[in-house]
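Colleague: Could you take me slowly through the place where the two chains meet, and say how each term is defined as you go?

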Protein chains: 2
Amino acid sequence: MSLVFASVVESKKMLTNLDGWIEKGVAHAKARSFDPNVLLGVRLAPDQYPLLRQIQSSCDNAKFAAARLSGKEAPKHPDTEQTVDECRARIHTCVSHLETYKASDFDGAETRVVTLPFMEGKVISGSDYLIEMALPNFYFHVTTAYAILRHSGVPLGKMDYIGSLNVRDK
Amino acid sequence: MSLVFASVVESKKMLTNLDGWIEKGVAHAKARSFDPNVLLGVRLAPDQYPLLRQIQSSCDNAKFAAARLSGKEAPKHPDTEQTVDECRARIHTCVSHLETYKASDFDGAETRVVTLPFMEGKVISGSDYLIEMALPNFYFHVTTAYAILRHSGVPLGKMDYIGSLNVRDK
């Protein structure tokens, strides 16, 4: 499996982990008798995006990385979510979409010329795009979502973050 | 450049970015007349590591990833830092160490059998180690450090996080 395709597979796993953290957030809200949707508005700083937008951005970063590295068109997912259930549905939609990719979609991805809508007149190689932008940005939003939930008292630990590992016996 | 080596190069850049965030944190502390070292004790949750440990862990994750993927021995850096200056020196030491690696050190890294001190009797392939552990963990600690500084009022933005990009004209 190429490292590019492995990154796409991993982003699917991390989004599924994120869905699990939100599920624990809902349980925490119920135990503490507050509306779980309140969590979606929590921010770590007044001028940083709240959890809702961190979830949407995590999905978008994974989706656009796969699209740009394979030369495919990413499906449109307008940012209309307002509830935890809608956010979780957005994650499930994104994961299902990522499941349509196969290893061969990323043949030649490292040398692909990637154009970015927010960088007019500029291009970046697929390899640099993955390493310098897609991965740091994806983990930025996923980790910030995790941090907001931890800051809100949701009982999460490092294994919730990392998820299952492809280890084998010696 | 292989994606494995590119990841090591990127981890060096992210550590240098982290050093820049801390520098902005020092300036923020001076402007607000508080001791910058106070920032090192800030946490997002009472049972999560404070900034000091996030910095040390960022360095260690980058250092151990390079060592495990190249089959080299990582230098020992005991966690003795107590001040901002000592933390920044730790980052500089780690970056200098990472600069000793060259592309050929990572030939065959993807199929290398990696053993982990905290997973007795288990092994993982270099590829899975990089994608499932090294990158998610590195970005976890770097992003959490960033989040702690943002939460503490340090004026940082996304470009401070991402740093320079290897883009070129169309």
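Modeller: Across the interface of chain B and chain A, 22 residue pairs are in polar contact, both residues being at pLDDT 80 or more; a polar contact is a pair of N or O atoms within 3.5 Å, where within protein one must be able to donate a hydrogen and the other to accept it, and residues adjacent in sequence count only if both atoms are side-chain atoms. This is a predicted model, in which local features need pLDDT of at least 70 and side-chain atom pairs count only at pLDDT 80 or more, while totals for chains, interfaces and linings use all residues. Residues are numbered from 1 along each chain as its sequence is written, chains are lettered from A in the order in which they are written, and side-chain values use heavy atoms, with hydrogens and water left out.

On the side of chain B that touches chain A, at least two residues each come from α1 (3-31), β1 (113-115), β2 (122-125), α4 (126-151), α5 (158-162) and β3 (168-169) of chain B, these being DSSP runs numbered from the N terminus (helices H or I, at least four residues; strands E, at least two). Of these elements, α4(B) gives the most, with 18 residues.

K122(A) forms a salt bridge with D169(B), their closest N and O atoms lying 2.7 Å apart, and the count between the chains is six salt bridges (a side-chain nitrogen of Lys or Arg within 4 Å of a carboxyl oxygen of Asp or Glu).
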